[in-house]
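Trainee: Could you take me slowly through one part of this structure, and then show me how the chain packs around its core?

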Amino acid sequence: MKNVVLLYGGRSYEHDVSVITAIEVGQWCPQQYRLYPVYMRDGEWWLVKDWQRFGSYTSTIKGRKVRLDDEGLHVGIKTVKVDCVLLSTHGGEGEDGRLQSLLEWWGLPYTSCDPLTSGILMDKVFAKSVLKERGFVVAPAYPESAPVYPVIVKPARLGSSIGVGVARNEEEYRQALANAEDYDRSVLVEQFLEGAVEYNCAILRDGDQLLVSEIECPRHTGDTYTFGQKYQKECEHALPAPMEDGLREEIKRTTSSLYTALRCKGVVRVDYLYHQGTLYVNEVNTIPGALSYRLFGAAGVSIGKLLTILIENASCQPRPKVKYGELLDDLIGAWK
Amino acid sequence: MFCVRQGQGQEVLYLHGWGCSHEVFASCRNPSFCETLPDLYGFGETPAPTHPVDLDYYVEGVKRLMDRYYMQNVVVVAHSFGARIAVRLAATSPHVVGLVLVGAAGMRPRRGVKYLARVAHAKLAKLFRLRPPEGSEDYRRLSGAMKGTFVNIVHTYQEKELSRVTVPVLLVWGAEDKETPPYMLKRFEKGLPLSRTVWMERCGHFCFAQQPDRFRRLVATFVEELQ
């Protein structure tokens with residue numbers, strides 16, 4: 001039986017979303033895996049008592065402190081060999097490549113993009129320039145000092161629509177900028193595509209194959225798809241989204257080529273905006289909420305199967321085999 | 001046994017709790033399943049037995065119902081008292097392929113000082129031929145053979161039967177359930193090591209009716225996983 005560590009929590013504004021994902025995903029983990037749900041808070045790692053209850057995270061944490069390193073998961077005096085780390089962290093250190101770097105350092109296989117891809121895609125400013133350079137269509141971005149209204153202002157390294165605001169004049173812009181800067185020093189200012197339709201599509205690698213999910217269309221009110229609409233059921237989701245076959249094909253094709261071009265791993269969800277006949281890549285999530293199991297479910301991939309694929313395809317860069325001291329003689333000779 | 005049967009697809013059998021009827025599941029039904037919702041003996045449209053009966057009587061009744069409709073590969077969704085029937089049914093019928101137990105009863109309850117005092121009061125009253133204390137609210141509401149049935153049922157503890165349940169089980173529990181408190185869930189988890197647990201926050205004993213959409217999704221995902 002494989003031992004799977006489900007990592008969640010962490011220092012992030014999206015901490016609570018991470019807990020929800022962990023509970024949603026963890027409760028459906030196939031029973032051929034032994035699951036160790038490890039919660040991160042303030043630099044400590046916990047096996048939380050009653051980890052499936054939201055209430056367990058609102059007060060002082062009760063449970064057992066554990067430690068994860070290259071030997072495995074240390075629970076008391078026992079060390080469990082870790083076959084895979086299932087990442088359910090959103091935002092902050094869990095999604096921006098820092099946690100992935102740590103896992104790479106320890107040589108533990110994990111279920112998300114490598115540190116470099118995670119870092120680039122976490123930062124909306126960098127992601128936009130990389131996507132543009134790779135030939136994907138993105139909405140034009142403006143320098144902070146020269147916006148062309150209407151604009152949408154986003155904290156660069158945050159998800160779940162936290163801190164996002166639309167501005168149509170200077171006063172609104174100042175407010176939106178101040179709001180976004182409360183969350184992140186780096187801010188993305190881009191053209192607001194008025195009346196654009198949003199589509200979401202997720203993708204996953206299974207061996208040599210790419211599995212593309214069904215496409216969803218969140219029907220929200222107001223300018224943007226807010227945190228409340230995302231997580232508090234204030235918004236309807238059309239799944240599968242009604243659209244022309246041509247557009248459906250284009251979205252699926254773009255998702256696949258983006259996944260390959262950016263060397264992604266694990267589940268990735270790409271959010272699009274369709275505006276006046278043009279499809280824009282809006283955002284790429286390397287650890288999407290609830291790992292987008294609803295989107296895959298609509299495509300006939302159950303959550304159990306999704307997790308099995310994720311775990312079985314988890315990977316880690318193999319450590320280079322270095323022959324220490326082999327060049328020393330030559331180098332010392334050269335110094336002389 | 002009266003029942004409502006509707007739809008096509010995966011067979012799902014709903015067993016209601018004590019004092020309820022099939023209508024308790026009205027809000028969380030799923031038209032994509034072939035659903036069977038009986039009224040158990042003594043509740044809803046089904047008449048009460050003429051003499052006090054035990055849990056096996058209910059289990060046999062449900063088995064006859066399953067035979068009547070040639071039900072096979074059945075997922076049983078059971079609440080509270082219905083879960084007692086479901087556990088025994090899963091342990092003895094080859095046609096049950098999965099259980100969803102919601103606020104399930106059947107585990108031995110923790111007895112506090114208050115309970116012991118009530119028992120002592122009742123025994124002393126019996127000895128001195130005085131008026132005994134009244135029973136629980138559920139007991140008081142019953143009449144005739146159902147009173148004896150209730151006593152038989154609440155004194156049936158099923159901890160040992162759990163080891164005979166080999167099908168996948170989903171345990172759904174309201175975090176604020178007072179009738180079947182969370183410690184009972186722990187006993188189910190201990191007896192069913194391969195079960196999955198889902199907590200419904202801010203919900204009580206009738207969590208499926210308090211969050212019907214979420215409950216419907218949970219059952220649908222569970223059925224999907226079974227397939």
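Mentor: What follows looks at one helix of chain B and then turns to the cores.

This is a predicted model, in which local features need pLDDT of at least 70 and side-chain atom pairs count only at pLDDT 80 or more, while totals for chains, interfaces and linings use all residues. Residues are numbered from 1 along each chain as its sequence is written, and chains are lettered from A and ligands numbered from 1 in the order in which they are written.

Helix α1 of chain B runs over residues 55–68; helices here are DSSP runs of H or I with at least four residues, strands are runs of E with at least two, and both are numbered from the N terminus. With its 14 residues, α1(B) reaches 20 Å from its first C-alpha to its last, close to the 20 Å expected at 1.5 Å a residue, where the expected span is 1.5 Å times one less than the number of residues. Within α1(B), L55(B), Y58(B), V62(B) and M66(B) are buried. They cover an arc of only 80 degrees around the axis, which puts them on the same side of α1(B); the arc is that of the directions from the helix axis to the C-beta atoms. The face turned away from this buried side carries R64(B), D67(B) and R68(B), which are exposed. A residue counts as buried if 20 or more other C-beta atoms lie within 10 Å of its own, as exposed if 12 or fewer do, and as partly exposed in between, with C-beta atoms placed from the backbone. The cover over the buried residues of α1(B) includes strands β3 (34–38) and β4 (74–79) together with helices α2 (81–92) and α5 (145–154), which belong to chain B. After α1(B) comes Y70(B), whose phi is positive, near 50 degrees.

As for the cores, the largest nonpolar one has 69 residues, of which V5(A), L6(A), V85(A), L86(A) and L306(A) touch the most other members. Such a core is a set of buried Ala, Val, Leu, Ile, Met, Phe, Trp, Tyr and Cys residues joined through C-beta atoms within 7 Å. Helix α10 (residues 303–312) of chain A gives the most to this core, with six residues. Domain 1 (2–111) and domain 2 (121–133 + 194–312) of chain A both contribute residues, so this core lies between them; the domain bounds come from an automatic or database domain assignment.

Methods:
Two residues are in contact if their C-beta atoms, placed from the backbone, lie within 7 Å.
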